[in-house]
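Have the sequence and the model open as you read.

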Amino acid sequence: MCLSTSTMPFLWCLCALVLLSLAVLLWTSRRTSLEPPYLPSLPVIGSLLSLMGPHPPHVLFKELQAKYGATYSLKLGSHKVIMVNHHTHAKEVLLKKGKVFAGRPRMVTTDVLTRNGKDIAFGDYSATWRFHRRIVHGALCMFGEGSTSLENIICAEAQSLCTLLSETSAVGLSLDLSPELTRAVTNVICTLCFHSSYSRGDPEFEAMLHYSQGIVDTVAKDSLVDIFPWLQMFPNKDLRLLKHCVSIRDQLLQKKYDEHKRDYSDHVQRDLVDALLRAKRNAENNTAELSLGPGGLSDDHLLMTVGDIFGAGVETTTTVLKWAVAYLIHHPQVQKRIQEELDQKVGLERAPQLMDRGSLPYLEATIREVLRIRPVAPLFIPHVALSDTSIGDFSVMKGTRVVINLWSLHHDPKEWPNPDSFEPARFLNSDASGLSIPSPSYLPFGAGLRVCLGEALAKMELFLFLSTVLQRFTLAVRPGDPLPNLEGKFGVVLQPAKYFVSALPRPCWDRQKSLN
Ligand code: STR
């Protein structure tokens with residue numbers, strides 16, 4: 001066949017077009033089917049062999065970036081997990097594609113803790129979950145930030161902590177602050193939830209301290225039963241301890257819940273449980289809300305959520321306070337600068353209040369730095385992709401677990417110069433008169449649909465407790481005692497090891513008191 005010269009250019013164009021479309025097709029399919037680099041994996045055990053070693057998981061996962069890049073995947077038993085170590089991908093998961101990644105995995109330990117995911121933190125994404133979270137958010141707003149009564153409660157607890165510190169320092173003792181901080185923080189949450197509080201030595205409080213630690217030690221820390229659910233068939237010490245602690249917690253919660261149901265009135269809202277009960281009753285009267293799915297919002301849901309608020313409210317804030325004190329002991333110059341700021345802006349005549357927050361930027365910067373250097377939950381709680389999707393150029397299949405390594409975000413040397421050194425001033429603006437967030441790689445409370453519900457409350461507590469104590473005392477260890485260990489014990493929260501503190505009354509405070 002002979003082609004005329006006039007048709008040649010047309011054919012060339014056609015060929016070029018076909019080739020171009022093929023290239024585009026090939027490129028786009030490569031782009032979306034690209035899998036993140038994989039850690040070596042064996043049948044049944046998955047990547048477990050690559051995860052053994054001396055480092056805690058968050059540190060190991062950060063270091064594996066050097067070999068596999070910031071986003072890589074691994075297998076935990078039969079579960080495919082994508083590990084995200086950089087803020088751009090973290091924000092894509094939490095914010096840009098928040099809804100797609102809003103799922104939660106079912107795990108043996110969290111199912112024990114939450115009656116199969118009937119809470120908010122560990123519960124999977126659903127219409128019931130959304131409704132549940134909305135009413136808890138509303139109730140927390142009503143009793144949370146801006147509520148003067150809550151401020152008064154926190155201040156009263158902070159003062160009672162100071163009284164204890166005076167008593168122990170008067171007899172030259174040093175003290176493990178942990179139970180006292182926990183009691184103070186528990187009382188704030190208890191007042192918020194149940195309008196009740198504990199005095200020192202209350203047996204119910206002692207029981208709570210014990211069960212809460214048992215739960216933190218055993219729940220959702222990538223324990224083997226969570227990776228291999230079939231291990232439940234064998235005797236398991238941790239799972240037994242968890243079940244025991246959960247049953248004590250449930251008895252305690254049930255008692256409070258029953259009392260509230262008995263005394264419930266539509267006309268008064270004494271606390272958060274009353275607010276939740278009202279929302280539940282309104283929903284039951286409203287047929288539209290009844291399309292929530294099997295069971296709607298049951299008593300179990302409310303009970304488990306109160307358990308979440310309690311557990312999260314106590315364990316997280318207490319842990320941050322313990323880290324803050326540990327770092328302040330290591331950095332007396334930071335403590336001195338906070339105290340100078342307090343002396344200048346608040347003085348000694350009165351205790352600090354929330355309205356002082358704006359005028360104490362260095363204290364606020366210190367709190368931010370504590371939350372950066374020792375994030376409460378260094379791996380957050382795992383997310384699950386609810387449909388086929390992508391992270392950056394990598395494709396992600398429905399059902400994949402996604403873990404955000406907040407530790408990597410907060411210790412990224414490209415974002416934070418000297419990431420391992422404690423430098424509150426990095427959160428101050430150029431003339432040190434106000435605050436700044438110097439990097440987008442900072443998410444202490446998470447972000448998106450599952451952002452921490454207690455952020456405002458936590459910030460109030462951290463500010464009031466630290467300012468009240470530091471106005472009156474300098475915290476140190478006794479001469480010859482070791483400084484607090486800053487490494488932390490990995491678990492669902494990263495807790496510091498036990499240490500002893502001696503609180504030295506500040507001379508200026510003592511002088512002021514003797515004048516009054
Ligand atoms: C602490 C111990 C306890 O008694 C109950 C809970 C349930 C809620 C958990 C909490 C725990 C630890 C901190 C968590 C919180 C939900 C959100 C919070 C995991 C296990 C964080 O994401 C930091």
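## Before we start

In what follows, helices are DSSP runs of H or I with at least four residues, and they are numbered from the N terminus. Please keep in mind that this is a predicted model.

## Around the ligand

Which helices each supply at least two residues of the shell around the ligand? They are H9, spanning 203–218, and H13, spanning 299–330. H13 gives the most, with five residues.

The ligand has 16 residues around it, and those that come nearest are Ala121, Ser212, Ile215, Gly311 and Val492. On its own the ligand has 480 Å² of accessible area, and the protein covers 89% of this. By type, the shell holds eleven nonpolar residues, three polar and two charged.

In soluble globular proteins, nonpolar side chains tend to be buried together. Here the largest nonpolar core has 114 residues, with Phe465 and Leu475 touching the most other members.

Leu475 is worth a look in your viewer. Leaving aside residues up to four places away in sequence, Leu475 touches Val325, Ile329, Gln335, Val469, Leu470, Val501, Ser502 and Ala503.

## Where H14 meets H15

Helix H14 (residues 332–345) and helix H15 (residues 361–373) cross at roughly 145°, and their axes come within 8 Å. From H14, Val334, Arg337, Ile338 and Glu341 meet Pro361, Tyr362, Leu363 and Thr366 of H15. This contact is made up of five nonpolar residues, one polar and two charged.

Terms used:
Residues numbered from 1 in each chain as written. Predicted model: local features only at pLDDT ≥ 70, side-chain atom pairs only at ≥ 80, totals over all residues. Heavy atoms only, no water. Near = heavy atom within 4 Å. Areas by Shrake-Rupley, 256 points an atom, 1.4 Å probe, with all protein chains shown as cover. Nonpolar A, V, L, I, M, F, W, Y, C, P; charged D, E, K, R; others polar. Core = buried A, V, L, I, M, F, W, Y, C linked by side-chain atoms within 4.5 Å. Buried < 20%, exposed > 50% of the residue type's maximum accessible area, 1.4 Å probe, protein only. Contact = heavy atoms within 4.5 Å. Axes fitted to C-alpha atoms, helices over the stretch in contact; angles between N-to-C directions.
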